[in-house]
Amino acid sequence: MSASTVEGHIAKERFIGVDLQDHEEARGIVKAIVRDNPEAKVSQIPGVIKVTCHHQLQINRATVEQELRHEWDTQEFNMSIISYIGDIQEWDDDHILVKWSTD
Amino acid sequence: MARKLGLRETYAAMTRGVNWTPSYVKEEEAFPYHQFEGIKIHDWDKWEDPFRMTVDNYWKYQSEKDRRLYAVLDSFSQNQGHLNISDGRYLNAIKLFLQGVTPLEYMAHRHFMFIARYMPGPGTRMAALCQSIDELRHTQIEIHSMSPYNKYYSGFHSMRKMHDRVWYLSVPKSYFDDAVTAGPFEFLTAISFSFEYLLTNLLFVPFMSGAAYNGDLPTTTFGFSAQSDESRHMTLGLQVIKFLLEQDEANVPIVQRWLDKWFWRGYRLNSLVAAMMDYMLPKKVMSWKEAFELYFEQQMLDGLFPDLARYGIKPPMGVEQAIKEKEKISHETYWALYNFGFAAAFNTWIPTNSELDWMTEKYPATFDRYYRPRYEKAQKIVDENGRFFMLGLPQLCQVCQIPMIFTEPDDPGKICFRSSTYKAEKYHFCSDGCKQIFDWEPEKYVQSWLPVHEIYKGNCGGPSVPEVLDWYGIQPGDNGEYQGSVDQLNWASWHKDFAPV
Amino acid sequence: MSVVSLKPGYEFPARDRAELFGNDMLVYTHWVGNLMFSAAAAFRVPQGMPWGDFKANMLDGLFGGDAPAYRQLTPENTRWTLNDQEFSPANDRSLADLGITHKDLIKFEQVS
């Protein structure tokens, strides 16, 4: 049985993404994500910004710093993230990469 | 000057770099608990923590999170913020959270400290140590965030006592007790993976977004503050599973069995969340069904499980039934809370007409046919100055401890009864899933502390309802109907000078 | 292979075993087809209690909460089962005589 053959379940598009607090710094991060991941889709429920992509989502420190106009440590992402979907495959000084292991 | 270490190197230096091999005691004396479950680990160094959280960064960011939160709480209290929530009814969701979830945070704190001490891998221990401190922080910030409401509203005063005693709170309590009495790897599969990764979004994201939408500043703020830690916990959960599956093929059937058990246990626990989402939020963010489709079906079944399939892991037992039940469980659960509301530490009510219409819209296949007629009948009784309660005690499921309220997967009109006999005693279950979990480990579940049976054995303060409520710590006004309650009358008087909305 | 790992000798007496209730027992009763009552009700009852007393003192009080529907039930139009087997209660016989034991499930429904 694969996931797509679970009875009663209608498989939809597979995506990965991050859920962020709706606050000033996160809005800058979202702008950076959209710049670096042109297929990124942004949606919202109260208090939460959801950014999703089909294959991978990369956050680059340099782009975030341009958007925020100050230095930004990738660990500061901890102050904005609420949840995520996918597997965090890389998190170093310059970027954060979310994707599934199989694609 | 020496080059500053990068994130990756700092993490390696501050976790593995400070590890040592014991020399005064044998390895198995220092770490006696990680082998009896049959899990085989060959190389603890293969453990990855993508968050690469180190102690210095941990203190830095956690203290910043707390500073932000407490500034909001002060401001909320100074500005009489409680008057700005959507409606007095809303706070009943928060009472349920404080009574049911906050004590679990404390249990998680205790058990992650155990994991942090007893796992042989330093990466695992560091992640568990951070999580343990996080969970203690969550307990504290939840209590601090909700305490401003305790001055003005009923039901917020005795959560610790209630958690150990009240019938519906035995559902979350027994769930967590089941996990902490398992071995360390089963605990991590249960809590870190099945709860924190697979199901947590169903609890926290709609709950916190619901709080944001209903003007509940403290809950929104602690919720998002806690959720930022939860992302790290999700990562721990996914790491545990991948690590176990990659270390040895013999681990696969063990993990599959735990997944089968703990998906179903966690999913049943979430029925309380479903009732909260659909019925207790005056301004609704999304229905339970929509949340289940997004956060479980799309994100987990379509997203995660193809990744796990390469190890031979299948979607867990009961998934098909959970999909069928998305049309039903919020309604069946809230109706039970309405039925037995005289013994709950929060208020219940009949949804307003526009709320009933919202449910019709969200649940076209079931609501008007099966559930709306009950509210119409209950409303008729209210119109005649009554209130419908089920004035007795319900039969409970031996495993999930929820009253036996769930219907057959294909028939919302018929209660699902399952049973097993073990050593000449009969046991009753709400579902095939709960029966299967019992049949796998009857030795464990014959010990269930079932609140209804405990009342009948004379262990809960006395035989009458007032005696039991007193033993529960429920004070007059905490329980029963919302309309005409202390909270509703206060709310009306505090808002009588407000412009009508 | 085994995927359950219990320590040998992990064994505890059932927490709600029949002997703890002495001459009493637990019995569950469910009204099939009336989900105004969200679950079966649980009762603690003496094994020697006559059925008529059980019905009058326990069932009538609880299920009479839905008075209009409960009034429609008569001995003729009500079907009873005990653990899903056909069952004919008689008012003067005790619960034990009728074969009801600890943690049994009684169901009733209106059939016409």
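Colleague: Where do I start with chain B and chain C?

Modeller: Start with the contact count. In this predicted model, 40 residues of chain B are in contact with 29 residues of chain C. Contact here means C-beta atoms within 7 Å.

Colleague: Which elements of chain B supply at least two residues each to the side that touches chain C?

Modeller: They are α11, α15, α17, β1, β5 and α20 of chain B. α15(B) gives the most, with four residues.

Colleague: How do the residues of that side divide into nonpolar, polar and charged?

Modeller: The side of chain B that touches chain C has 22 nonpolar, eight polar and ten charged residues.

Colleague: Which strands of chain B and chain C do bridges join?

Modeller: Look for bridges that cross the chain boundary. Two of them join β1(B) to strand β2 of chain C, residues 41–46, and the strands run antiparallel. For a landmark, take B:L393, whose bridge partner in β2(C) is C:A42.

Colleague: Now the other side. How many residues of chain B are in contact with chain A?

Modeller: There, 42 residues of chain B are in contact with 34 residues of chain A. α13(B), residues 288–309, gives the most to this side, with ten residues. Other elements that give two or more include α9 and α10 of chain B. The side divides into 19 nonpolar, twelve polar and eleven charged residues.

Colleague: Which pair of chains has the most contacts?

Modeller: Two pairs of chains touch, and chains A and B have the most contacts. Chain A and chain C do not touch; their nearest C-alpha atoms are 21 Å apart.

Colleague: How do I read the open sheet in chain A?

Modeller: The order is β4-β7-β6, with antiparallel pairing. β4 and β6 of chain A each have a single partner strand, so one side of each is left without a neighbour in the sheet. Neighbouring strands are turned by 15° against each other on average, direction ignored.

Colleague: What pairs with β4(A), and what lies across it?

Modeller: β4(A) pairs with β7(A) over five bridges. Helix α2 of chain A, residues 61–68, lies across β4 and β7, running at about 60° to β4(A).

Colleague: And the hairpin in chain B: which residue takes a positive phi?

Modeller: Find the strands, then the turn. Five bridges join β4(B), residues 418–422, to β5(B), residues 425–429, in antiparallel fashion. B:S420 has B:Y427 as its bridge partner. Two residues lie between the strands, and B:K423 takes a positive phi near 50°.

Definitions and conventions: Residues are numbered from 1 along each chain as its sequence is written. Chains are lettered from A and ligands numbered from 1 in the order in which they are written. This is a predicted model: local features need pLDDT of at least 70, side-chain atom pairs count only at pLDDT 80 or more; totals for chains, interfaces and linings use all residues. Two strands pair if DSSP finds at least two bridges between them. Ala, Val, Leu, Ile, Met, Phe, Trp, Tyr, Cys and Pro count as nonpolar, Asp, Glu, Lys and Arg as charged, and the others, Gly among them, as polar. Axes are lines fitted to C-alpha atoms, for helices over the stretch in contact, and angles run from 0 to 180 degrees between N-to-C directions.
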